Amino acid sequence: MKRVNLTETIQWEKLKDHYQQIKDLHLRDLFTVDKKRAEKFTLIEDDICFDFSKNRITEETLQLLIQLAATRNLKQEIERMFNGEKINRTEDRAVLHVALRNPGKQPIFVDGQDVMPGIFAVLEKMKRMSEAIRCGDWKGFSGKPIKNVVNIGIGGSDLGPRMVTEALKYYSMRELNALFVSNVDGTHIEETLRGLSPEETLFIVASKTFTTMETMTNAFTARQWILSHFESNKAITKHFLAISTNKKAVVEFGIKPDNMLGFWDWVGGRYSLTSAIGLPIMISIGYDRFMELLKGFHHMDNHFRHTPFEKNIPVIMALLGIWYRNFFNAQTHAIFPYDQYLSRFPAYFQQGDMESNGKSVDRDGTAVNYQTGPIIWGEPGTNGQHAFFQLIHQGTSSSPCDFIGFVQSLNPIGDHHKKLMANFFAQTEALAFGKTRTELVKENVPDWLIPYRTFDGNRPTNTILIKKLTPFTLGQLIALYEHKIFTQGVIWNIYSFDQWGVELGKTLAKKIIPQLDKNHTTPLDHDSSTNSLISFFKKNSN
């Protein structure tokens with residue numbers, strides 16, 4: 001059934017009117033008027049404190065946004081996802097990453113089949129593989145134990161396990177090196193393998209189809225690296241694992257079926273780290289801690305599914321994002337984790353958010369007349385403060401920001417953590433309240449310098465403060481952002497689980513590859529710019 005256009009709903013009109021009423025309100029005034037503002041706009045779930053009081057909203061704003069979510073049938077859409085309905089209609093697939101972290105025995109059905117036995121079977125096989133590698137029972141072709149695990153994948157088959165392995169490095173088995181190759185640029189695999197011993201290196205090739213151009217190019221280079229050392233095809237079985245659904249291609253590569261892990265078409269790449277794609281994570285931190293990670297995901301899944309919208313952290317985050325994207329016309333959204341272990345977290349959700357909601361056609365196939373997904377970016381604090389915070393504080397455009405911090409440090413060295421968190425708290429305060437001319441005059445700042453040192457403030461932020469970075473809390477945090485993205489997709493009436501936009505460039509690249517060969521003489525049939533660039537490349541290549 002075709003839905004009413006978002007901009008034609010009564011709730012949208014009410015929000016437009018409300019925006020005109022409050023758009024000039026300053027956070028300084030909002031906090032002055034309401035001494036309990038922080039209490040009203042803070043949610044606590046387990047060890048997570050979510051403070052959204054430094055947003056340009058009132059209680060009425062929140063009520064109107066929640067009404068918008070209700071009228072867009074968010075509750076029903078959540079249930080459809082959790083119940084395994086085919087909500088990814090353009091690919092005729094269910095979206096069931098939530099089933100991957102379901103620890104209970106209750107069945108979840110897709111096309112009439114309970115998927116849980118298959119999920120548990122894959123987890124058990126991952127456990128056997130990871131424990132054999134971790135304890136040294138998995139030997140290379142020459143009989144030496146594995147010391148280097150190199151994951152070869154791209155997109156969701158790389159970003160998820162790479163981000164989590166780095167995030168949980170504190171809990172990792174340090175005797176094992178977890179390495180990742182994704183870019184088809186030969187430099188990536190060349191520099192990754194430099195200095196490694198083939199006898200102690202195991203490759204995990206992660207590709208659902210086992211045809212992904214970048215992944216398979218790197219995989220065949222790794223295969224040749226192994227073969228050039230051992231000079232025996234039998235070495236492949238000892239130095240390669242596959243995560244794929246294409247058994248025929250895996251076997252043709254030289255990998256035994258026993259060394260292959262499968263997954264399902266209802267697992268989207270950017271939501272797949274809790275599937276077999278997470279094998280590098282399990283190898284790094286062990287089975288028990290991997291299960292703690294899944295429990296964290298599941299805990300947030302339950303919170304999202306069962307908590308009323310006004311207390312629901314992913315829903316509130318999503319609604320705030322819509323408030324800024326569609327009414328304040330914010331083009332970007334920044335994520336700043338104040339923990340070096342989360343250095344890859346912003347990059348992970350660049351894909352998670354922008355590939356999901358970077359859409360301009362709604363579920364009815366109609367071009368939208370409103371803004372959808374924002375540009376996602378960010379870096380760890382305090383590095384970002386010395387790089388681009390100048391623009392956030394005094395630039396001409398405003399970017400809502402998420403600040404993520406931890407009460408307890410995993411590495412409590414001297415006063416490092418105290419200084420880190422002092423900056424964490426100071427930045428959100430400065431962004432919210434700024435510095436006025438009156439305050440600068442009182443500080444005896446010269447009059448000519450005052451314009452340069454004035455900070456308008458009123459820059460919105462969310463603060464996510466977590467007790468400690470653990471596998472469990474990391475699972476909660478990732479799931480929180482996943483469900484925020486889903487919620488926004490529902491309200492914008494777009495399909496968040498396909499990614500047709502990445503396919504065109506791939507198709508054209510396959511056509512161009514043979515045209516880069518010096519022996520290719522067929523006239524080029526691209527536009528004049530592309531033809532000229534290809535000709536220049538061929539003329540100047542070795």
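Guide: Start with the sheet. Six strands form an open sheet in the order E1-E2-E13-E12-E10-E11, with mixed pairing. Strands (E, at least two residues) and helices (H or I, at least four) are DSSP runs, numbered from the N terminus. Two strands pair if DSSP finds at least two bridges between them. Strand E1 (42-45) and strand E11 (375-377) are the edges; each has a single partner strand, so one side of each is left without a neighbour in the sheet. On average, neighbouring strands are turned by 15° against each other, direction ignored.

A word on the source. This is a predicted model, where local features need pLDDT of at least 70, side-chain atom pairs count only at pLDDT 80 or more, and totals for chains, interfaces and linings use all residues. Residues are numbered from 1 along each chain as its sequence is written, and side-chain values use heavy atoms, with hydrogens and water left out.

E1 and E2 run antiparallel, joined by four bridges. Glutamate 45 has isoleucine 48 of E2 as its bridge partner. Two residues lie between the strands of this hairpin, and aspartate 46 takes a positive phi near 60°. In a regular strand, side chains alternate between the two faces of the sheet. In E1, Leu43 and Glu45 make up the covered face, while Thr42 and Ile44 make up the uncovered one.

E2 (residues 48-51) pairs with E13 (residues 461-466), antiparallel, over four bridges. There, threonine 463 of E13 is the bridge partner of aspartate 51. Helix H15 (residues 313-326) packs on the sheet and touches E1, E2, strand E12 (401-406) and E13. Contact here means heavy atoms within 4.5 Å. The direction of H15 makes about 25° with that of E2. Axes are lines fitted to C-alpha atoms, for helices over the stretch in contact; angles run from 0 to 180 degrees between N-to-C directions. Helix H21 (residues 471-492) also packs on the sheet, touching E1, E2, strand E10 (332-337), E12 and E13. Its direction makes about 155° with that of E13.

Follow the chain out of H21. Serine 496 sits in the loop between H21 and H22. Serine 496 is buried, with a relative accessible area of 4%; buried means under 20%, exposed over 50%, partly exposed in between (1.4 Å probe, protein chains only). Leaving aside neighbours within four places in sequence, serine 496 is in contact with Arg270, Ser356, Asn357, Lys359, Ile485 and Gly489.

Next, the largest pocket. A pocket is an open set of points on a 1 Å grid over the protein atoms alone, where a 1.4 Å probe fits, with protein on both sides within 12 Å along at least five of seven lines; lining residues have an atom within 4 Å of a point. The largest pocket holds about 1000 Å³ of space. Its lining has 42 residues, with Thr212, Gln499, Val502, Glu503 and Lys506 nearest the centre. Helices H8 (156-167), H10 (213-230), H16 (345-357) and H22 (503-515) each give two or more residues to that lining. H22 gives the most, with five.

Leucine 516 lies in the loop between H22 and helix H23 (528-540). At 31% relative accessibility, leucine 516 is partly exposed. Beyond neighbours within four places in sequence, leucine 516 is in contact with Ile534, Phe537 and Lys538.

Notes: Points joined across faces, edges and corners; volume = space filled by probe spheres on them.
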